[in-house]
Amino acid sequence: VWVLDDGFQHWQVKRDYDLVLLDAKRPFASGSLMPFGYLRELPLALKRADHIVLTRLKPEHSLPALKVELSPYLGDGASVAGCAFGFGEHYYRLENPSTLIARKSDLLPIPIASLKQRRVVIVCGIANPQEFRAMVEKLGADVVATHFVADHRSLDVKGFFAKSKLDSKSITILTTFKDYFRNPSEFTEIEFAEVAILDLDI
């Protein structure tokens, strides 16, 4: 099975199934197309989707009500489901941050409870970094700083620490699997006390 990320708008690609993820908090964001909003197509484009997944579904969200909101835009036979994100029982640590690690199997799993009260700097370039921070804070970590960049942009971890004047040897740097594996060398140019990679469970 080949899964193509962000392939829904690529009409030239032959596909067998269209799976669309929407944020349960704001399925249609601001309602405006790029560059004035976040939508890449009008909501009616969902007619082409085979299945809709509402992400970040929380107890205060009503899945039946969200299905009703989406129903005018869905094609015949399209289905809708919801999912929530969370952390598993472990995070993953680079045993030697000066060594380029390129496989998850090479990382050491650590009980996630050990992040409680640990001084951390969050470094990531994802679509919703504030929610990621909120999840980390719920673990009890002491977030002393954050370095958020736009999705798909270079993290420039070395430049951030040079400007911030933080002591990289006294903190744990937290990032996501997406951000780490996109460019592992970003995290090997500086001597950190610990580099921790958090994995999201669905």
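His 147 is found in strand β8, residues 142-148. Strands here are DSSP runs of E with at least two residues, numbered from the N terminus. The model is predicted: local features need pLDDT of at least 70, side-chain atom pairs count only at pLDDT 80 or more, and totals for chains, interfaces and linings use all residues. Residues are numbered from 1 along each chain as its sequence is written, and side-chain values use heavy atoms, with hydrogens and water left out.

Is His 147 buried or exposed? His 147 counts as buried, because its relative accessibility is 16%. Buried means under 20% relative accessible area, exposed means over 50%, and partly exposed lies in between (1.4 Å probe, protein chains only). The side chain of His 147 reaches the backbone oxygen of Leu 155 at 2.5 Å. Leaving aside residues up to four places away in sequence, His 147 touches Ile 122, Val 123, Cys 124, Leu 155, Asp 156 and Phe 160. Contact here means heavy atoms within 4.5 Å.

Phe 160 leads on to the aromatic rings. The structure holds five aromatic pairs. One of them joins Phe 160 and Phe 161 edge-to-face, 5.2 Å centre to centre, with 80° between the planes. Rings of Phe, Tyr and Trp (its six-membered ring) pair if their centres lie within 6.5 Å; planes under 30 degrees apart count as stacked, over 60 as edge-to-face and the rest as tilted. Phe 160 is buried, with a relative accessible area of 15%. Phe 161 is buried too, at 7%.

The rings of Tyr 180 and Phe 187 have centres 5.6 Å apart and planes at 45°, so this pair is tilted. Tyr 180 is buried at 0% relative accessibility. Phe 187 is likewise buried at 0%. Ring pairs link Phe 177, Tyr 180, Phe 181 and Phe 187 into a cluster.

Now turn to strand β10, residues 194-198. Five of its five residues are buried, so β10 is largely enclosed by the rest of the structure. In a regular strand the side chains alternate between the two faces of the sheet. From β10, Glu 194, Ala 196 and Leu 198 point one way, while Val 195 and Ile 197 point the other way.

Which strands pair with β10? Strand β5 (residues 90-93) runs antiparallel to β10, joined by two bridges. Tyr 92 stands opposite Ile 197 there. Strand β9 (residues 172-176) pairs with β10 in the parallel sense over five bridges. Ile 173 stands opposite Val 195. Two strands pair if DSSP finds at least two bridges between them.

Methods:
Helix = DSSP H or I, 4+ residues; strand = E, 2+ residues; numbered from the N terminus. Polar contact = N/O pair within 3.5 Å; in protein donor to acceptor, adjacent residues only side chain to side chain.
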